[in-house]
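Let's take a look at how two chains meet in a predicted model. The structure comes first, and a walk along the interface follows.

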There are 2 protein chains.
Amino acid sequence: MQYPEAKEKFLQTWGTLGSSWGISRSMAQVHALLLISPDPLSTEEVMEELQISRGNANMNIRDLMDWGLVFKELKAGERKEFFRAEKDIWKVAKQIIKERRKREIEPLFSVLEDIKQVEGDKNNRKHQELIKAVTNIEGVVEKADFALEKAIKLDENALVGALFKLFK
Amino acid sequence: MQYPEAKEKFLQTWGTLGSSWGISRSMAQVHALLLISPDPLSTEEVMEELQISRGNANMNIRDLMDWGLVFKELKAGERKEFFRAEKDIWKVAKQIIKERRKREIEPLFSVLEDIKQVEGDKNNRKHQELIKAVTNIEGVVEKADFALEKAIKLDENALVGALFKLFK
DNA sequence: TCTAACTTTCAATATGTATTGAAAGTTTAT
DNA sequence: ATAAACTTTCAATACATATTGAAAGTTAGA
């Protein structure tokens, strides 16, 4: 396999991975492109490389910046904006976890708390089952959230080490 | 808030959560319905409750069974099939992690290994950057995979406890 | 202030994915 | 062997989401 094919495969793989985790395919592809680019790229270059429109390129780059995965870089004497990705994948993973915690876990909690306030016959089986499920979910989400919060404060080897010791 | 509204909110919330994690909205909704149902439900009942077609109900129930989250239950004297969901949410989480590891991490590894076999000028910067990125990703995925494999062998409290101790 | 270089927005449109419903398939009982 | 009860499949279709591209907005320098 030659470079162009390998590169294409990488872009596809990262895109597919992203879309199976609820991240838009082309946002993941733009990210992939920046991950393997030795130098920062301009919007034009992203458009050219991925064969996508200006609007699409611009919006995905912007979203990647909102996620804290991509940064704007200015070149001396150039008016154009250039973009580079964080390349340390453990930092990338931590950043994604951090963002998803903020975007999803917090709102989820607030909805679950709402639902638990359901009024009505406390002896009704459906009513009980709903409250039971919601309470159970809250417990697991709370613990998973705690685990993730701690995990992203560690470096990758410390995390592996800690879990390893539990099974030695 | 009365029961019907709370139930609706729960179905919506679980559906949205699912779709933001790459699981189809109605598969998540069928799952939610079974999670709060005191008794196993038939395909007919699922269709009725969620206002979806027979094909849709059947296919999502089947997918949920493939994921190991829902089980077939036969009632004495009834020809129809009934379905119940695993209600222990920690077990549900572990099962989802187990399935995703199998479905996604293993194939991902094999593609990344392929890409690393790229031929050509080892001194080319783009070439180097691609190999660097892929190698880096493999390292993180390997460690995350190990961490998850271990985590799902623990009960939820042991996991929290282990991480807690690291920060005491 | 004006203009050229560049970025952002957004209504129109394309594309991929989910959903339907009826036909085909299967199972069980008689 | 037949028929009724039930499940599965899949081509057609609906729907949500991603994508386009041109117009509007912004910025920096002359």
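## The contact surface

In this predicted model, 58 residues of chain B are in contact with 58 residues of chain A.

## How the copies relate

Chain B can be laid on chain A by a turn of 180 degrees and a shift of 0.0 Å along the axis, and the RMSD comes out at 0.0 Å. That's the relation of a two-fold axis.

The contact residues tell a matching story. Of the interface residues of chain B, 100% are also interface residues in chain A, so the copies meet through the same surface.

## Charged and polar pairs

Side chains of opposite charge can pair when their charged atoms come close. Over all chains, a search of the whole structure turns up 34 salt bridges, and 8 salt bridges are found across the interface of chain B and chain A.

One to look at is B:K87 with A:E129, where the closest N and O atoms are 2.7 Å apart. Another salt bridge joins A:R125 to B:D39, with the closest N and O atoms 3.0 Å apart. That pair crosses between chains: A:R125 sits in helix α6 (residues 125-151) of chain A, while B:D39 is in the loop between α2 and β1 (41-42) of chain B.

As for polar contacts, 18 residue pairs are counted between chain B and chain A, both residues being at pLDDT 80 or more.

## What chain B brings

Four helices of chain B, α1 (3-19), α5 (89-116), α6 (125-151) and α7 (156-165), each supply at least two residues of the side that touches chain A. The biggest giver is α6(B), with 14 residues. Sorted by class, the side of chain B that touches chain A has 32 nonpolar, 17 charged and 9 polar residues.

Notes
Residues numbered from 1 in each chain as written. Chains lettered and ligands numbered in written order. Predicted model: local features only at pLDDT ≥ 70, side-chain atom pairs only at ≥ 80, totals over all residues. Heavy atoms only, no water. Contact = heavy atoms within 4.5 Å. Salt bridge = Lys/Arg side-chain N within 4 Å of Asp/Glu carboxyl O. Polar contact = N/O pair within 3.5 Å; in protein donor to acceptor, adjacent residues only side chain to side chain. Nonpolar A, V, L, I, M, F, W, Y, C, P; charged D, E, K, R; others polar. Least-squares fit on C-alpha atoms with pLDDT ≥ 70 in both.
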